[in-house]
Amino acid sequence: MSALFQRSRNAMLLWSKRADFVSVRSMASKTPVGFIGVGNMGSPMAKNLLKNGYPVIVTDSFPKSCKELQDMGAQVVDYPADVAEKADRIITMLPSSPNVIEVYNGPKGILKKVKKGTLLIDSSTIDPAVSKEMAAAAEKMGAVFMDAPVSGGVGAASLAKLTFMVGGVEEEYKAAQELLTCMGDSVVYCGQVGTGQAAKICNNMLLAIGMIGTAETMNLGIRLGLDPKLLTKILNMSSGRCWSSDSYNPVPGVMEGVPSANNYQSGFGTTLMAKSKSWHLTDIA
């Protein structure tokens, strides 16, 4: 009887130790995450990290953009370098290649204060060559840089349904995936640094073609006297159906919850699309 009691006691102790280990590992995974660039896309992404229990440290070139996140519990600091001092996992979401270069390499940039072993995830849509340049600069400082651009827009960012296309050291992918799955429902490893951006550029190229085609088609139909809702219904049950026609229709009044229903606010602007197109031409040349 005493032997049975002793075995039960040992089993309980073992279970307790395992539970403590899991608890400690879980707590370790909730260490602060830095987030730089909290505009239309970055703000809902950072909110989803907070909702998943991560302490978040934010900064933005427009400090007012941080107010709502601060009210939700995020810590606000002045510069990217300040974020790097406080966090060893940092996500950036910025408008363009020059912005990324400044945030990483600038006088008050991340790499001025980055700690060895820090994981840097850039979700901006930028030139793949710049991603490779930032990865090389980060490696010199003992940090790891991964490119992880997104698809899905502001709506998907708010609902944590983004698609992430990830490029970088494969051994670090799982660490990145832990954070990215808090903000998206599809996370795809594409290969080495720059391949995430390559996949995003290809997606943007097809998106642009589809959106231009949908806009021209809708305009033609309206000019010929068709009701835009009726035309959309016909297109979406026919061979012309595409994402731009059934999920992101460019004509006001056809569907709710898209930029065309909100005076084209919070959408993916033509300036940003033109930026992507310039890379297509460069890569083809």
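Colleague: Why is Gln197 called buried?

Modeller: Buried means under 20% relative accessible area, with exposed meaning over 50% and partly exposed in between (1.4 Å probe, protein chains only). Gln197 has a relative accessible area of 0%, so the residue is buried. Please keep in mind that this is a predicted model, in which local features need pLDDT of at least 70 and side-chain atom pairs count only at pLDDT 80 or more, whereas totals for chains, interfaces and linings use all residues. Residues are numbered from 1 along each chain as its sequence is written, and side-chain values use heavy atoms, with hydrogens and water left out.

Colleague: What does the side chain of Gln197 reach, and which residues does Gln197 touch?

Modeller: Gln197 lies in helix α9, where helices (H or I, at least four residues) and strands (E, at least two) are DSSP runs numbered from the N terminus. The side chain of Gln197 reaches the backbone oxygen of Ser124 at 2.8 Å. Taking contact as heavy atoms within 4.5 Å, and not counting residues up to four places away in sequence, Gln197 touches residues including Asp122, Thr125, Pro128 and Asp147.

Colleague: What makes Lys67 and Asp71 a salt bridge?

Modeller: The term requires a side-chain nitrogen of Lys or Arg within 4 Å of a carboxyl oxygen of Asp or Glu. In Lys67 and Asp71 the closest N and O atoms are 2.9 Å apart, and the pair therefore meets the definition. Because they are 4 residues apart in helix α3 (residues 67-71), these two are separated by about one helical turn.

Colleague: Why is Asp71 called exposed, and why is Lys67 called partly exposed?

Modeller: Asp71 has a relative accessible area of 56%, and so counts as exposed. Lys67, at 45%, is therefore partly exposed.

Colleague: Which parts of the chain does the salt bridge of Lys113 and Glu85 link?

Modeller: Their side chains meet at 4.0 Å, N to O. The pair links distant parts of the chain, with Lys113 in the loop between α5 (97-105) and β5 and Glu85 in helix α4 (residues 80-86), 28 residues apart. Lys113 has 43% relative accessibility and so counts as partly exposed. A search of the whole structure finds 5 salt bridges.

Colleague: What makes a set of residues a nonpolar core, and which residues have the most contacts inside the largest one?

Modeller: A nonpolar core is a set of buried Ala, Val, Leu, Ile, Met, Phe, Trp, Tyr and Cys residues joined through side-chain atoms within 4.5 Å. The largest such core has 33 residues, and those with the most contacts inside it are Phe35, Met45, Leu49, Phe164, Leu180 and Met183. Among the elements that each supply at least two residues of this core are β1 (33-36), α2 (42-51) and β8 (162-167). A second, separate core of 24 residues includes Leu94, Val100, Ile126 and Ala135. In soluble globular proteins, nonpolar side chains tend to be buried together.

Colleague: How do you know that α2 is mostly covered?

Modeller: Of its 10 residues, 9 are buried, among them Met45, Lys47, Asn48 and Leu49. After α2 comes Gly53, with a positive phi near 90°.

Colleague: Why is Leu226 called partly exposed?

Modeller: Its relative accessible area is 37%, so Leu226 is partly exposed. Leu226 lies in the loop between α9 (195-223) and α10 (228-236).

How values were computed:
A polar contact is a pair of N or O atoms within 3.5 Å; within protein, one must be able to donate a hydrogen and the other to accept it, and residues adjacent in sequence count only if both atoms are side-chain atoms.
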